[in-house]
Amino acid sequence: MPVRTERRDRTFLITLDRPEAMNSIDPEMYRQLGEAWDRFEQDDELLVAVVTGAGEKAFCAGRDLVKSVEDEANDWSQQRGGRLTPEGIWKPVIAAINGHCLAAGLALALGCDVRVASPNATFGTMAAKRGIVAGGGQTQRLARYIPFGIAMEMILFAERISAEDALRYGLVNRVVPQGDLLPFAMDWAAKLCENAPLAVQAMKRAAYEGAWELPFREGMRLEARLYAEIMQTRDAAEGGRAFAEKRPPRFEGR
């Protein structure tokens, strides 16, 4: 299976498992990745996802260009279904980037909410060197996540940057030793699972839609509407009671 999935309590671990091909994405991986995102989105018991790559060399080196050339349609990402990123899923997603994160791999990482990387990670769009356009949201997210000039340098020159530079530019949230990478990401996931899931999902939606899709005043109205909705939930009442009683809250997602 080019995509392995595992439930760890309320966290869904997704592993790209083609280490012999630097975890590059072929048609079957693309299809299975889409199925994994669908399962995560539809399962109310799962609150957080972590996506990583098998081995220590690559998170994902991009689309499998050999398979793309061999594929007669040469556009399987559009014609065969599947899903590269967790677009539109309001549950939080963590990318644990264990090595090269290039092209479609970069698109996948950018589609996650927070990113942690190992010191040997590298990041690049690579498209200009292949005669194609960087897709999967690379041009759009890079230009929003990091300084615009740096984003344009990455896009136009198609040169890789290091994990250290990615941290400096804000492309990743943390750089941790290779052996600690997945435990660190899973620990973050466990901490997220302790928070009220409805509130977390509402705030993720408010942040993305407000920052990227709406004028400021409309974003403020969205935030106010979501605030009012969440204040009517049992979790909101439980959060207040737990604070007053000086105990950990017991959120139920209701």
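This is a predicted model: local features need pLDDT of at least 70, side-chain atom pairs count only at pLDDT 80 or more; totals for chains, interfaces and linings use all residues.

User: Fine. Among contacts between residues at least 6 apart in sequence, what share joins residues at least 24 apart?
Analyst: That share is 67%.

User: How many helices and strands does the protein have?
Analyst: Eleven helices and ten strands.

User: And what is the radius of gyration?
Analyst: It is 19 Å. The globule rule gives 18 Å for 254 residues, so the protein is as compact as a globular protein of that length. Along the principal axes, the C-alpha atoms fill a box of roughly 60 × 40 × 35 Å.

User: How much of it counts as buried?
Analyst: 45% of the 254 residues. The protein exposes about 13200 Å², and carbon and sulfur atoms supply 53% of that.

User: Now the inside. Which residues have the most contacts within the largest nonpolar core?
Analyst: Trp37, Ile97, Phe123 and Leu142. That core has 43 residues.

User: Which elements supply at least two residues of this core each?
Analyst: Among the helices, H1 (27-42), H4 (104-110), H6 (148-157) and H7 (163-169) do. Among the strands, S2 (11-16), S3 (48-53), S4 (58-60) and S5 (93-97) do.

User: Where does a second core come in, and which residues does it include?
Analyst: It is separate, with 14 residues. Leu13, Val116, Leu181 and Ala185 are included.

User: Back to Ile97. What does it touch?
Analyst: Leaving out residues up to four places away in sequence, Ile97 touches Phe59, Ala109, Arg115, Val116, Ala117, Ser118, Ala121, Phe123, Val172 and Leu181. Val116 and Leu181 belong to the second core.

User: New topic: backbone. What is phi of Ala103?
Analyst: Near 50°, a positive value in a residue other than glycine. Ala103 sits in the loop between strand S6 (100-102) and H4.

User: Is Ala103 buried or exposed?
Analyst: Buried. Its relative accessible area is 16%, and the cut-off for buried is under 20%.

User: What about phi of Ala158?
Analyst: Near 55°, again positive in a residue that is not glycine. Ala158 is in the loop between H6 and strand S9 (161-162). Ala158 is buried too, with a relative accessible area of 0%.

User: Last one, charges. How many positive and negative are there?
Analyst: There are 33 positive and 36 negative charges. Their mean positions are 3 Å apart.

Note on methods. Residues are numbered from 1 along each chain as its sequence is written. Side-chain values use heavy atoms; hydrogens and water are left out. A nonpolar core is a set of buried Ala, Val, Leu, Ile, Met, Phe, Trp, Tyr and Cys residues joined through side-chain atoms within 4.5 Å. Buried means under 20% relative accessible area, exposed over 50%, partly exposed in between (1.4 Å probe, protein chains only). Helices (H or I, at least four residues) and strands (E, at least two) are DSSP runs, numbered from the N terminus. Contact means heavy atoms within 4.5 Å. The radius of gyration is taken over C-alpha atoms; the globule rule is 2.2 Å times the number of residues to the power 0.38. Accessible areas come from the Shrake-Rupley method with a 1.4 Å probe; for residues, only the protein chains shown count as cover. Lys and Arg count as positive and Asp and Glu as negative; His and the chain ends are not counted. The place of a charge is taken as NZ of Lys, CZ of Arg, CG of Asp or CD of Glu.
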